[in-house]
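Subject: Structure handover

Hello,

Here is the structure I promised to pass on. Please open it first, then read my notes below.

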Amino acid sequence: MKILEFLKNKKGAMGIGTLIIFIAMVLVAAVAASVLINTSGFLQQKASSTGKESTEQVASGLEILQVTGLHNNTNINKTAIYISPNAGSSAIDLGETVTMISDGTSERMTNYNSSQYDTLVTGGSVFTSAAWTNLSSNDFGIIVIQDADGSCQAATPVINKGDIVVIALNTEGLSMGTRSIITGSVRPEFGAPGIISFTTPSTYLETVQIVSLQ
């Protein structure tokens with residue numbers, strides 16, 4: 001009888017032990033699942049954020065529509081760079097944009113000067129704009145050509161879809177005589193820069209002071 005009672009008690013103890021182990025395994029699994037869920041959620045948010053930033057970086061940028069210059073028969077002293085955001089680009093703050101231009105011997109970097117801002121009157125010439133007045137070689141001005149929503153203002157020159165503006169550069173002092181190879185870029189805060197690359201004309205005509213460069 002004592003042997004049978006002992007065996008019954010032993011089976012009960014084994015059952016309780018098994019139950020404790022089972023409960024412990026369930027708790028460990030629950031903790032592990034919670035950690036995995038939290039980690040996967042964090043990684044999903046991180047991946048989504050990174051993907052958005054990467055898409056913005058790749059899709060955004062500036063397009064150079066054309067480049068024109070005004071010469072004085074020997075050198076191009078005023079350079080107008082027509083720019084617009086790339087298709088699908090986010091809004092771009094030109095106040096944080098840097099232009100770089102080189103004649104092969106020297107390189108010039110310029111930042112936006114809010115006092116050198118103007119909107120072009122329909123039918124007017126960009127080279128008669130007030131944006132050129134007192135424009136130094138260390139700054140660039142902005143001449144608004146097209147801005148339907150009025151986003152590009154003097155204090156906050158932000159361009160978005162459909163906007164067209166001119167970057168006004170004072171290129172006096174750069175070697176931009178005939179047959180000069182000029183390179184550079186208009187580099188926004190984020191996104192692809194607009195690339196400048198052209199060779200100046202083989203001759204400057206007195207009767208044609210404005211020349212197409214790119």
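Start with threonine 171. At 1% relative accessibility, threonine 171 is buried (buried means under 20% relative accessible area, exposed over 50%, partly exposed in between, with a 1.4 Å probe and protein chains only). Threonine 171 sits in the loop between β8 (164-170) and β9. Helices (H or I, at least four residues) and strands (E, at least two) are DSSP runs, numbered from the N terminus.

Which residues does threonine 171 touch? Leaving out residues up to four places away in sequence, they are Asn75, Ile76, Asn77, Lys78, Thr79, Ile101, Arg108 and Met176. Contact here means heavy atoms within 4.5 Å.

A word on the source. This is a predicted model: local features need pLDDT of at least 70, side-chain atom pairs count only at pLDDT 80 or more, and totals for chains, interfaces and linings use all residues. Residues are numbered from 1 along each chain as its sequence is written, and side-chain values use heavy atoms, with hydrogens and water left out.

Now the strands. Strand β9 (residues 181-187) pairs with strand β4 (residues 98-102) in the antiparallel sense, over 5 bridges. Two strands pair if DSSP finds at least two bridges between them. Methionine 100 stands opposite serine 185 of β9. Strand β10 (residues 194-199) also runs antiparallel to β9, joined by 6 bridges. There, valine 186 has glycine 194 in β10 as its bridge partner. β9 and β10 form a hairpin, with 6 residues between them. In the turn, glycine 191 has a positive phi of about 95°.

Next, the aromatic rings. How many aromatic pairs does the structure hold? It holds 2. Rings of Phe, Tyr and Trp (its six-membered ring) pair if their centres lie within 6.5 Å; planes under 30 degrees apart count as stacked, over 60 as edge-to-face and the rest as tilted.

- Tyrosine 112 and phenylalanine 140 make a tilted pair, 5.9 Å centre to centre with 40° between the planes. Tyrosine 112 is in strand β5 (residues 107-119) and phenylalanine 140 in strand β6 (residues 139-146), so this pair ties together parts 28 residues apart in sequence. Both residues are buried.
- Phenylalanine 127 and tryptophan 132 make a stacked pair, 5.6 Å centre to centre with 25° between the planes. Phenylalanine 127 and tryptophan 132 are buried too.

Last, isoleucine 23. Isoleucine 23 lies in helix α1 (residues 2-59). With a relative accessible area of 43%, isoleucine 23 is partly exposed.

Best wishes
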